[in-house]
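Q: I have a model open here and want to talk through it. Can we start with what the words mean?

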Amino acid sequence: MRRLKLWLAVVLAPALAAVGGPDSACAQEGGGSVRNAAAPESPIAAEESLRHFEPHPALAIELVAAEPEVVDPVAIRFDEDGRMWVVEMRDYPHGPPEGQPPLSRIRVLTDRDGDGRFETAATFAENLLFATGVQPWKGGAIVTLAGEVAYMKDTDGD
């Protein structure tokens, strides 16, 4: 049987662990499950969260990114160079405190050694208000924000 890889930024795993067990509609539809266990008293390490999944036998889950490289991800895309573009919404759901800049940002993660773990991260854009999506395009990115769609490009390499 050919094995498929399911790439998952496991920073989402603790939240998914609370979704339900094998009897949940989500687990039935996908063929795998997330163990329904009591919520931990404190956050668990990304590597530990892998043990809370029971993927379908044809799938594997691997850790590809975690804190501190990525925080509060809401969307990811890959570009033609294999880099992972991540939208972080760090001030959801309330937005920035009055007088403070918004905290959404776009991070670009790179797997420099080819081991499947994106260990290097750079901030592409920051101080964005409710960024929700990113699509790399022509050396930049199309970004969806609160009430607008913007094209952003790094023209000076910083």
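A: Buried means under 20% relative accessible area, and exposed means over 50%. Keep in mind that this is a predicted model.

Q: Fine. What share of the residues in the protein is buried?
A: Of the 158 residues in the protein, 35% are buried.

Q: And the accessible surface, what does that come to?
A: About 9800 Å² for the protein, with 53% of that belonging to carbon and sulfur atoms.

Q: Switching to secondary structure. How many helices and strands are there?
A: The protein has three helices and eleven strands.

Q: In what pattern do they follow along the sequence?
A: Along the sequence the pattern reads β-α-α-β-α-β-β-β-β-β-β-β-β-β.

Q: Which strands make up the open sheet, and how do they pair?
A: Four strands form that sheet, in the order 5-6-7-8, and the pairing is antiparallel. Strand 5 (73-78) and strand 8 (120-128) each have a single partner strand, so one side of each has no neighbour in the sheet.

Q: By how much are neighbouring strands turned against each other there?
A: By 20° on average, with direction ignored.

Q: Back to strand 5. How many bridges join it to strand 6?
A: Five bridges join strand 5 to strand 6, which covers residues 84-88, and the two run antiparallel.

Q: Which residue in strand 6 is the bridge partner of Pro-73?
A: Glu-88 is the partner of Pro-73.

Conventions. Residues numbered from 1 in each chain as written. Predicted model: local features only at pLDDT ≥ 70, side-chain atom pairs only at ≥ 80, totals over all residues. Heavy atoms only, no water. Buried < 20%, exposed > 50% of the residue type's maximum accessible area, 1.4 Å probe, protein only. Areas by Shrake-Rupley, 256 points an atom, 1.4 Å probe, with all protein chains shown as cover. Pairing = 2+ DSSP bridges. Axes fitted to C-alpha atoms, helices over the stretch in contact; angles between N-to-C directions.
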